[in-house]
Number of protein chains: 4
Amino acid sequence: MSPRRRLVAVCGESDPQTPLKDLAFELGRGIAQRNAVLVCGGLSGVMEHAARGAQAAGGLTIGLLPGDVSDEANAYIDIAIATGLGHARNAILALTADGIVALGGGLGTLSEIALALRNRRPTIGIKTWRFDRHNRTEPELPVAANPTEALDWLFAQMGRVS
Amino acid sequence: MSPRRRLVAVCGESDPQTPLKDLAFELGRGIAQRNAVLVCGGLSGVMEHAARGAQAAGGLTIGLLPGDVSDEANAYIDIAIATGLGHARNAILALTADGIVALGGGLGTLSEIALALRNRRPTIGIKTWRFDRHNRTEPELPVAANPTEALDWLFAQMGRVS
Amino acid sequence: MSPRRRLVAVCGESDPQTPLKDLAFELGRGIAQRNAVLVCGGLSGVMEHAARGAQAAGGLTIGLLPGDVSDEANAYIDIAIATGLGHARNAILALTADGIVALGGGLGTLSEIALALRNRRPTIGIKTWRFDRHNRTEPELPVAANPTEALDWLFAQMGRVS
Amino acid sequence: MSPRRRLVAVCGESDPQTPLKDLAFELGRGIAQRNAVLVCGGLSGVMEHAARGAQAAGGLTIGLLPGDVSDEANAYIDIAIATGLGHARNAILALTADGIVALGGGLGTLSEIALALRNRRPTIGIKTWRFDRHNRTEPELPVAANPTEALDWLFAQMGRVS
């Protein structure tokens with residue numbers, strides 16, 4: 001009986017030309033070096049570079065795909081979960097991850113940040129969305145300057161939770 | 001063969017003590033008066049008052065419930081869809097609505113706004129989230145001062161789309 | 001405050017050439033005549049003819065679509081819920097319906113029958129799947145000879161449940 | 001860049017007292033020995049014994065949980081995906097697995113068999129549901145006498161597919 005693995009998600013834009021590719025790679029590598037499994041949306045851009053980083057450090061990578069075909073996964077995904085749910089898979093990612101890092105990202109990423117905070121998962125952002133609400137207090141999204149800072153904070157939080 | 005009905009969603013907080021109850025009622029009433037069907041998350045707070053308003057104007061109300069029991073629906077829901085999907089039902093709401101109004105709301109509402117904009121649905125907010133992203137252009141969330149202004153804009157947009 | 005409407009589902013094959021179209025029409029009509037809302041998968045074949053029957057009797061029809069576009073609905077759907085979930089929407093149908101009739105149908109219909117029985121919803125079949133399991137007792141699928149017999153049984157069961 | 005892993009699902013009853021526990025263990029072990037990843041519903045009974053077997057052979061195990069808490073997973077799950085989708089997660093399992101074995105099982109398992117066949121995934125049963133449909137030809141569920149026979153057939157089919 002081996003212990004259940006920790007899952008840490010990296011969310012971000014699918015644009016293959018993303019200027020965030022080095023940061024994504026570092027995040028993936030750092031997650032694997034800290035002995036957690038990388039979870040992501042399985043597509044291109046930030047997701048692909050994070051998976052590449054995790055594999056480079058000998059880590060395991062999971063892609064929660066929106067579509068119904070495993071071949072949709074980028075080349076660095078070990079385990080492709082073809083959910084067939086479209087954007088509803090964002091809700092699974094925000095639920096099953098023990099911690100979440102948002103790096104850049106579009107509106108899909110914003111939905112993941114919102115649900116991750118809603119689910120009280122430790123969540124942190126780098127160069128990503130800022131938001132606030134009229135006349136109300138909600139958990140804020142902490143911001144990190146770089147991958148190491150983000151992961152140090154995230155794993156400290158996750159340590160407290162488990 | 002009757003024409004397919006238009007669905008307009010109202011998203012917002014479930015807090016039964018919400019100070020937005022009169023605005024929610026007006027939104028629901030206005031949607032019914034404009035001959036659209038109200039869709040919402042089916043729970044209390046903004047969702048309940050919007051459904052109450054729609055019924056008061058003789059309209060039809062649909063609740064996309066997160067849980068697996070129809071009795072979870074508030075008393076003003078005509079048709080309860082017990083999805084059993086939790087927050088993943090937010091993605092359905094943001095997909096199936098022809099137009100969306102966000103009124104106040106917590107992080108669940110933020111996830112719905114994000115996905116509605118992602119899906120290019122006409123979407124407008126009243127006293128709700130503001131957000132922007134580092135170094136990137138995304139569709140902005142238009143803001144209305146009151147329900148009439150919100151619905152006038154929304155139905156004009158929907159007219160263009162259909 | 002109007003009372004919540006009862007939802008009765010008709011499941012069956014999407015084949016537009018289905019020989020079951022008259023039975024489907026009768027089922028839809030009977031559901032509307034009994035003052036319930038017809039729920040179905042929203043596509044062609046049995047789903048379309050059942051919706052046509054329900055509208056012919058002045059009833060309301062809901063289509064839980066697998067895809068992400070409302071235009072996928074057949075012409076007799078009043079309210080199209082574009083779930084974007086693919087076959088996972090079958091689980092919603094089997095959960096939210098107060099009663100289910102299976103008429104013919106392929107493997108998708110079999111999955112809906114199985115989940116409907118699993119959820120202890122009153123469920124009955126006409127010319128549909130038969131199944132049994134090695135060495136085990138499960139709720140059986142009752143079989144009706146025609147739509148009237150099916151609906152009489154179903155509404156009697158639903159009466160008991162509510 | 002490591003090659004994407006093959007996923008093979010074992011479906012079956014959650015009853016902890018299942019008489020099928022030795023067969024489930026053998027299935028899990030055989031899947032791991034054939035270098036595939038075991039996917040299952042993550043709960044007790046057949047799912048737990050299959051995961052135990054896979055771990056005993058050094059394999060990796062994934063649990064697609066219906067609930068929203070990873071701790072719901074049995075003790076032999078390496079990677080818990082808390083979907084929060086209830087039975088709708090059955091549709092994911094039937095979609096993402098490259099091959100499926102059904103061992104015994106209740107109505108949830110029947111829904112998984114139906115969708116797996118619908119998705120044209122190689123699928124085989126041991127001591128499980130038998131079904132047929134009035135007046136129609138559908139893909140049949142092949143039946144195996146034991147785990148070795150089931151897996152030999154399944155991997156031969158999967159070989160052809162990929």
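The model is predicted: local features need pLDDT of at least 70, side-chain atom pairs count only at pLDDT 80 or more, and totals for chains, interfaces and linings use all residues. Residues are numbered from 1 along each chain as its sequence is written, chains are lettered from A and ligands numbered from 1 in the order in which they are written, and side-chain values use heavy atoms, with hydrogens and water left out.

Chain C has 28 residues in contact with 28 residues of chain D, where contact means heavy atoms within 4.5 Å. The area buried between the two chains is about 2,500 Å². Buried area is the accessible area (1.4 Å probe) that two parts lose on being put together, summed over both. Carbon and sulfur atoms give 70% of it. H87(C), L107(C) and R133(C) supply 25% of the area that chain C buries against chain D, more than any other three residues.

Four residue pairs across the interface of chain C and chain D are in polar contact, both residues at pLDDT 80 or more. A polar contact is a pair of N or O atoms within 3.5 Å; within protein, one must be able to donate a hydrogen and the other to accept it, and residues adjacent in sequence count only if both atoms are side-chain atoms. On the side of chain C that touches chain D, α3 (89-96), α4 (107-118) and β7 (129-133) each supply at least two residues. Helices (H or I, at least four residues) and strands (E, at least two) are DSSP runs, numbered from the N terminus. α4(C) gives the most, with eight residues.

Strand β7(C) pairs with β7 (residues 129-133) of chain D in the antiparallel sense, over five bridges. Pairing requires that DSSP find at least two bridges between the strands. R130(C) stands opposite D132(D) in β7(D).

Chain C also touches chain A. Four residues of chain C are in contact with four of chain A. About 200 Å² is buried between them, with 59% from carbon and sulfur atoms. G84(C), L85(C) and A88(C) lose the most area in chain C, together 96% of what that side buries.
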